Structures are given as structure tokens and as C-alpha cells.
Amino acid sequence: INTHENLNLIHKLGRQGCGYLIKRMDNFNQLANTCKVLVVIDLDRNESHEEYVGSITRNIKNPHANLIFSVPKIEIESWLLADKQGISEFLKISEAKLEASPETLMDPKSNLINLARKCKNKTAKDGLPPKVGSISRIGLSYNSILTDFVREHWSIERAFHNSDSLRRTLQLLDGINN
């Protein structure tokens with residue numbers, strides 16, 4: 001479901017947040033000497049996409065052509081929400097409850113969590129939002145539930161049509177595959 005033409009994901013690194021990825025950009029650049037590397041980092045609250053990308057990439061010494069750097073509009077959750085059919089079926093909610101343009105959301109993660117609070121999928125309802133009184137923004141099972149969602153339900157092809165930043169990323173990848 002989550003494939004795109006000749007794109008084959010071999011290894012997933014990180015899963016420890018943007019800070020982890022930013023600190024290891026030189027390592028990813030070195031890895032790009034042997035294979036294509038896609039680094040996806042949320043824009044989060046940074047106001048200027050160009051300044052944010054520049055602040056990260058200007059510290060990379062001799063960036064390799066195989067190092068692809070992508071910043072989704074605000075947060076990667078906007079890419080998940082861009083597959084309206086997939087997220088609707090997964091959460092067991094009406095597509096009408098989903099934002100028409102997920103990249104216009106100021107906080108896609110909160111939007112997703114709020115949708116989960118009202119959904120009919122018990123696993124998502126119990127695991128995506130934080131427990132009452134928690135200081136965390138997300139539930140304990142947030143990452144594992146969304147990993148399962150991406151693996152089993154999310155369609156990159158459907159999301160492609162509702163997300164400019166995902167479309168740009170795939171175009172970058174298509175360019176590197178040619």
C-alpha cells in the first residue's frame with residue numbers, strides 16, 4: 001500500500017525525533033556515498049521553511065547527491081492525513097471530518113490526536129492521545145500505532161494528491177532514481 005514506483009525502503013533510522021536526525025546529518029551524508037538516503041524532518045513551529053532547511057544543510061560538508069532532505073509542511077502527520085480514505089477507514093470516522101487540505105493545519109499532530117479521541121477504532125482511541133494528566137503530547141502507543149497504520153492502511157499514491165510537500169519529496173526521489 002505504501003509504495004511508490006521503484007522506491008524500496010531498506011532501512012529506517014532515527015525514530016528519536018528531529019534533534020537526533022539533525023545531529024547525525026554528517027553520518028547520513030557519509031551513508032549517501034553507498035546508497036540513497038532520504039532524511040525527513042518536521043518543520044514543526046519553525047516559521048520559514050527555507051531558513052530551517054538552510055540552517056540544517058549549511059552545516060553538511062560536501063553534501064552527496066544521494067542525500068535527499070525533505071521537510072513536510074509543519075509535521076509529517078500532514079502526510080498521513082493526506083490519505084483521507086486510509087485514515088478514515090483506519091480510525092473508523094467519516095471522511096467529512098477530515099481537513100480538506102491537511103497541509104494548512106497549524107498542528108496536524110493535535111488534529112490527528114483529536115480525531116482519535118472521537119474515533120471508533122479502540123486501539124487508536126486508547127493509544128494515540130495521551131492519558132489524562134500526562135505531560136506528553138502523545139499517547140504511549142502513538143508511534144507503534146501509526147507505524148502499523150502506515151504499513152497496513154496508508155497509501156502514498158492517495159496521499160500524493162493532497163500533499164504538495166509529499167509530492168515534492170517523491171519528485172526528488174524520482175529524480176534520483178533516473
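Biologist: Which residues touch the most other members in the largest nonpolar core?
Modeller: I87, L91, L112, L128, W154 and L166 do, in a core of 29 residues. A nonpolar core here is a set of buried Ala, Val, Leu, Ile, Met, Phe, Trp, Tyr and Cys residues joined through side-chain atoms within 4.5 Å. Buried means under 20% relative accessible area, exposed over 50%, and partly exposed in between, with a 1.4 Å probe and protein chains only.

Biologist: And which helices each supply at least two residues of this core?
Modeller: Helix 4 (77–81), helix 5 (84–91), helix 6 (108–117), helix 8 (142–152), helix 9 and helix 10 (164–177). Helices (H or I, at least four residues) and strands (E, at least two) are DSSP runs, numbered from the N terminus.

Biologist: How many residues are in the second core?
Modeller: That separate core has 17 residues, including V39, L43, V53 and I56.

Biologist: What sort of model is this, and how are residues numbered?
Modeller: It is a predicted model, in which local features need pLDDT of at least 70 and side-chain atom pairs count only at pLDDT 80 or more, while totals for chains, interfaces and linings use all residues. Residues are numbered from 1 along each chain as its sequence is written, and side-chain values use heavy atoms, with hydrogens and water left out.

Biologist: Back to I87. What does I87 touch?
Modeller: Leaving out residues up to four places away in sequence, I87 touches L80, L81, K92, L98, L112 and F149. Contact means heavy atoms within 4.5 Å.

Biologist: How many residues of helix 5 are buried?
Modeller: Six of its eight, so the helix is mostly covered by the under-20% rule. The buried ones are K84, G86, I87, S88, F90 and L91. They pack against helix 4, helix 6, helix 7 (122–127), helix 8 and helix 9.

Biologist: What follows helix 5?
Modeller: K92, with a positive phi near 60°. K92 is not a glycine and sits in the loop between helix 5 and helix 6.

Biologist: Now the strands. In which sense do strand 1 and strand 2 pair?
Modeller: Parallel: strand 1 (residues 37–40) and strand 2 pair over four bridges, where pairing takes at least two bridges found by DSSP. V39 has F69 as its bridge partner in strand 2.

Biologist: Which way do the residues of strand 2 point?
Modeller: In strand 2 (residues 67–70), L67 and F69 point one way, I68 and S70 the other way, and all are buried. In a regular strand the side chains alternate between the two faces of the sheet.

Biologist: Is S165 buried or exposed?
Modeller: S165 is buried, with a relative accessible area of 2%. This helix 10 residue has a side-chain polar contact of 2.8 Å with W79. A polar contact is a pair of N or O atoms within 3.5 Å; within protein, one must be able to donate a hydrogen and the other to accept it, and residues adjacent in sequence count only if both atoms are side-chain atoms.

Biologist: Where does E157 lie?
Modeller: In helix 9 (residues 156–160). E157 counts as partly exposed, at 35% relative accessibility. Its C-alpha atom is separated by 8.3 Å from that of D83, 74 residues apart along the chain.
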